[in-house]
Amino acid sequence: SLLSLRCHSQQPSDPSAILKLPAKRKLMPTVQGKAAQPKPAFTDEAVQTLLYKMTGLDLHKVFRPEKKGLKPPHYKLMTEAQLEEATRKAIEEAKTKLIMPPVLNEREPIDDVLAEDKILEGTETAKYVFTDLSYSIPHRERFIVVREPNGVLRKATWEERDRMIQIFFPKEGRRVIPPTLFKDEKLGTVFQQDRHEDVLNMCIAQFEPDSPDYIRVHHRTYEDIEKHGKYDLLRSTRHFGGMVWYLLSRKKADGLLIDMINRDLLDDATSLITLYHMLHPECQSAKKAKEQKLQGVDLIKVFVKTESQREGYIQLALQAYEEAMATSSAS
Amino acid sequence: CHALTTLMGRGGHVIIRFALGGCTNRPFFRIVAANSRRARDGKYLEQLGCLDPLPNAHGEKVAGLNLERLRYWLGCGAQLSRPAEKLLGLAGFLPLHPMTVTGAERLRRRRQREQQTEAAPADGSAETGTDTGTGTGTGP
């Protein structure tokens, strides 16, 4: 189905296999020399658990009806025990649907000349692209070479590779030429219709995770969500973790924090701050938190005082939350 | 390599060549391992790839080659047709075919000769400068 993730056709979709991808560093500006311990990567267990907790598990949203063919609804009569069993199975399925797609660095362009035959210059008008069609090679290791009209035999660029592999080994949901939807001008229209999740699903189906187009579309989507504060669109989907990672690496966590406090998700807010401290261990609030071993609301307060740009808003939201808690506990 | 034992009667060998398909004014080649005595487009042993001789929207001629099976048939003792050899030479799987080089050199020499014949009458008519305004170079 369109929602199931397949990075490579050969790769299994269980979480441990995906998390074994080489832990490439995320897009971060270079730290000025002092941090001795390595930066946490997207694939670290601690990071993944925090992101997964924040994603939430709203069964109604995960299993909302997809637009498929019409079928009459199917009713079953169950006992309490059977209903619990069915709910448990549904939660398991939801967990597989919520596996986060990988966050990788942009791939290096391929620039490798295999042979230069100057004699062939001028004989051909078009280039030849040769693809190795052996069935049992993973797509990343496939030989795809191009013979240019000037006689040079070189390895194909990433775009040529993706196109040829899609022509000979077509994957469902992927087109040979990417749809115009992914151009910058057209993305704006889709964002106005609040269809960020659909765009991201289509992007995962179309592009490889380390291609520049994939990264560009994802960053555009996250920027737009952050600008308009539409964080709830991605909550309980598999894109939420990626969005949080992007925002935290660029220190733009304020809007998300306000949104979480407004929705009374204090646990998520504390996990957000913990993750922020893991990512930026040299900032003031991280050091204070470590010294005093703060928990819960204190952590948020320390963060608000030192690191955030929208201090006023967050203070207001926290106050409103505390008042609500006081009234509800009093009543 | 069992294919050699299933040949009909005597003679005939496995050959790797192009089988033409497609429609009018739209050729398409399949690279195929077949018995040499079969029809060009007839029954073959195995398809080893394809070649689209017309350039696509990105200006490339797309060719696919199943190198694993190609190596198997070459190991079985299959022959190659000349166009197949030339294609594999272009791909880098085999060394460049000598006829490709010869063809390139011949083409270059022909183009040089044509340029010289163009240049010479142009000089000639420029020197004389009279009313013979005939079109020089290759006529229609």
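This is a predicted model: local features need pLDDT of at least 70, side-chain atom pairs count only at pLDDT 80 or more; totals for chains, interfaces and linings use all residues.
In chain A, 66% of the contacts with a separation of 6 or more are between residues 24 or more positions apart. Chain A has 331 residues, and 42% of them count as buried. Its secondary structure consists of 14 helices and four strands.

Let me begin with helix 2 of chain A, which covers residues 45-55. Which residues of this helix are buried? They are Val47(A), Gln48(A), Leu50(A), Leu51(A), Met54(A) and Thr55(A). When one looks down the axis of helix 2 of chain A, these buried residues fall within an arc of 165°, so they line one face of the helix. On the other side of helix 2 of chain A, Glu45(A) and Lys53(A) are exposed. After helix 2 of chain A comes Gly56(A), with a positive phi near 80°.

My next residue is Thr221(A), in helix 8 of chain A, residues 212-228. Is Thr221(A) buried or exposed? Thr221(A) counts as buried because its relative accessibility is 0%, and the cut-off for buried is under 20%. The side chain of Thr221(A) comes to 2.6 Å from the backbone oxygen of Val217(A). Leaving aside residues up to four places away in sequence, Thr221(A) touches Phe191(A), His196(A) and Leu200(A).

I now turn to the interface. The size of an interface is often given as the accessible area lost when the parts come together. Here, chain A and chain B bury about 2,200 Å² between them, with 60% of that on carbon and sulfur atoms. The contact involves 27 residues from chain A and 29 residues from chain B.

How many salt bridges cross the interface of chain A and chain B? The rule finds three. I would point to the salt bridge between the side chains of Glu124(A) and Lys61(B), at 3.4 Å from N to O. Between chain A and chain B, 16 residue pairs are in polar contact, both residues being at pLDDT 80 or more.

Which elements of chain A each supply at least two residues of the side that touches chain B? They are strand 2 (127-132), strand 3 (144-147) and helix 5 (158-168). Strand 2 of chain A gives the most to that side, with six residues. By residue type, the side of chain A that touches chain B comprises 13 nonpolar, five polar and nine charged residues.

Finally, the two loop residues. Asp264(A) has a positive phi, near 60°, although it is a residue other than glycine. Asp264(A) sits in the loop between helix 10 (254-262) and helix 11 (266-279) of chain A. With a relative accessibility of 47%, Asp264(A) counts as partly exposed.

In chain B, Asn25(B) is a residue other than glycine whose phi is positive, near 60°. The loop that holds Asn25(B) lies between strand 1 (14-23) and strand 2 (26-35) of chain B. Asn25(B) is exposed because its relative accessible area is 76%, and exposed begins at over 50%.

Notes
Residues are numbered from 1 along each chain as its sequence is written. Chains are lettered from A and ligands numbered from 1 in the order in which they are written. Side-chain values use heavy atoms; hydrogens and water are left out. Buried means under 20% relative accessible area, exposed over 50%, partly exposed in between (1.4 Å probe, protein chains only). The arc is that of the directions from the helix axis to the C-beta atoms. Contact means heavy atoms within 4.5 Å. Buried area is the accessible area (1.4 Å probe) that two parts lose on being put together, summed over both. A salt bridge is a side-chain nitrogen of Lys or Arg within 4 Å of a carboxyl oxygen of Asp or Glu. A polar contact is a pair of N or O atoms within 3.5 Å; within protein, one must be able to donate a hydrogen and the other to accept it, and residues adjacent in sequence count only if both atoms are side-chain atoms. Ala, Val, Leu, Ile, Met, Phe, Trp, Tyr, Cys and Pro count as nonpolar, Asp, Glu, Lys and Arg as charged, and the others, Gly among them, as polar.
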